[in-house]
Amino acid sequence: MLNNIVMSMAAIRVISGCLEIAAALIMLRLNQIDKALLVNSGLAVVGPFVLLATTTLGLAGLADKLSFSKMLWILAGVGLIFIGILKK
């Protein structure tokens, strides 16, 4: 039997993957570089939110098994990933 949190994390990733495929098909349908870049920019916004959602679910599932200091290290790592992604 699968864990509900794992199922939720997987569902978010499947939905994200479907959005990626749909965006690729839209890019092919539009067949214009400027419009394809707009679609790609929309995906760049979705990606970090998917990462944040799946990480939050995973941490919620592990909250009783991890020490507070380990939880802080994980949150710091996720924060650094976001700083690296969003830094201009």
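Reader: In which helix does A11 lie?

Author: In this predicted model, A11 lies in helix α1.

Reader: Why is A11 called partly exposed?

Author: The relative accessibility of A11 is 38%. Buried means under 20% and exposed means over 50%, with partly exposed in between. The value of 38% falls between these limits, so A11 counts as partly exposed.

Reader: What makes S8 partly exposed, and where is its place?

Author: The place of S8 is in helix α1.

Reader: How far apart are S8 and V46 in sequence and in space?

Author: S8 and V46 are separated by 38 residues in sequence, and their C-alpha atoms are 17 Å apart in space.

Reader: What are the corresponding separations for A11 and G84?

Author: Between A11 and G84 there are 73 residues of sequence separation and 26 Å in space, C-alpha to C-alpha.

Reader: Which residues form a nonpolar patch on the surface with L19, and what is the accessible area together?

Author: The patch consists of I15, L19 and V46, with about 240 Å² of accessible area together. L19 has its place in helix α1, residues 4–30.

Reader: Why is N31 called exposed?

Author: Exposed requires over 50% relative accessible area. N31 has 66%, so N31 is exposed. The place of N31 is in the loop between α1 and α2.

Reader: What is noted about phi of N31?

Author: Phi of N31 is near 55 degrees, which is a positive value in a residue other than glycine.

Reader: How do you know that the span of α2 agrees with expectation?

Author: With 30 residues at 1.5 Å a residue, α2 should span 44 Å. The end C-alpha atoms of α2 are 43 Å apart, so the span agrees.

Reader: Which residues of α2 are buried, and against what do they pack?

Author: Among the buried residues of α2 are V39, L43, P48, V50 and L59. The buried residues of α2 pack against α1 and α3.

Reader: What span does helix α3 have, and what is expected?

Author: Helix α3, residues 68–86, has 19 residues and reaches 27 Å from its first C-alpha to its last, close to the 27 Å expected.

Reader: Why are the buried residues of α3 said to line one face?

Author: In α3, the buried residues are M71, V78 and F82. Seen down the axis of α3, they fall within an arc of 45 degrees, so they line one face of the helix. These buried residues pack against α2. On the other side of α3, the exposed residues are K70, W73, L80, I83 and G84.

Conventions. Residues numbered from 1 in each chain as written. Predicted model: local features only at pLDDT ≥ 70, side-chain atom pairs only at ≥ 80, totals over all residues. Heavy atoms only, no water. Patch = residues over 30% accessible without salt bridge, like charges linked within 9 Å, V, L, I, M, F, W, Y side chains within 5 Å. Areas by Shrake-Rupley, 256 points an atom, 1.4 Å probe, with all protein chains shown as cover. Salt bridge = Lys/Arg side-chain N within 4 Å of Asp/Glu carboxyl O. Helix = DSSP H or I, 4+ residues; strand = E, 2+ residues; numbered from the N terminus. Expected span 1.5 Å × (residues − 1). Buried < 20%, exposed > 50% of the residue type's maximum accessible area, 1.4 Å probe, protein only. Arc of directions from axis to C-beta. Contact = heavy atoms within 4.5 Å.
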